[in-house]
Amino acid sequence: MQVVAVHPLEDHADDREPMIEVSVCDEGKGVPPEILDHLFEPFVTSKERGTGLGLAVSQRIVREHQGNITVDRSPDGGARFTVTLPAQINAHLVGAGHLHGE
């Protein structure tokens, strides 16, 4: 079972824009401890047939949108990936064709 949760972050500093948090949890085996610190590096994978590029690319995209992505253990024992992003769409990204599939 996967669980997706989205909520605003209320505890941001006054000089920082409002943020939202999206968490995805599963009940799988979780991330092996030996690769946890390197999980977002290119070519790091725990999968037999994986390339290890998906999370590195995901992290780059999230950072380009002034966000952050982390991983930890979910309450159900699997993995929990959390993405934090600004709550408002940045107009210069829309105009540059980075949003809406342009």
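Me: In which strand is the place of Glu-21?

Reply: Helices (H or I, at least four residues) and strands (E, at least two) are DSSP runs, numbered from the N terminus. Glu-21 lies in strand β2, residues 19-25. This is a predicted model, in which local features need pLDDT of at least 70 and side-chain atom pairs count only at pLDDT 80 or more, while totals for chains, interfaces and linings use all residues. Residues are numbered from 1 along each chain as its sequence is written, and side-chain values use heavy atoms, with hydrogens and water left out.

Me: Is Glu-21 buried or exposed?

Reply: Buried means under 20% relative accessible area, exposed over 50%, and partly exposed in between (1.4 Å probe, protein chains only). Glu-21 is buried.

Me: Which side chain of opposite charge is nearest to Glu-21?

Reply: Lys and Arg count as positive, Asp and Glu as negative; His and the chain ends are not counted. A salt bridge requires a side-chain nitrogen of Lys or Arg within 4 Å of a carboxyl oxygen of Asp or Glu. For Glu-21 the nearest is Arg-80, 7.4 Å away, and Glu-21 has no salt bridge.

Me: Where is Arg-80 placed, as the bridge partner of Asp-72?

Reply: Two strands pair if DSSP finds at least two bridges between them. Arg-80 is in β4, and six bridges join this strand (residues 79-86) to the antiparallel β3 (residues 68-73).

Me: What does Val-6 contact, leaving aside neighbours within four places in sequence?

Reply: Contact means heavy atoms within 4.5 Å. Val-6, in strand β1 (residues 3-9), is in contact with Glu-21 and Val-22. Val-6 counts as exposed because its relative accessibility is 57%.
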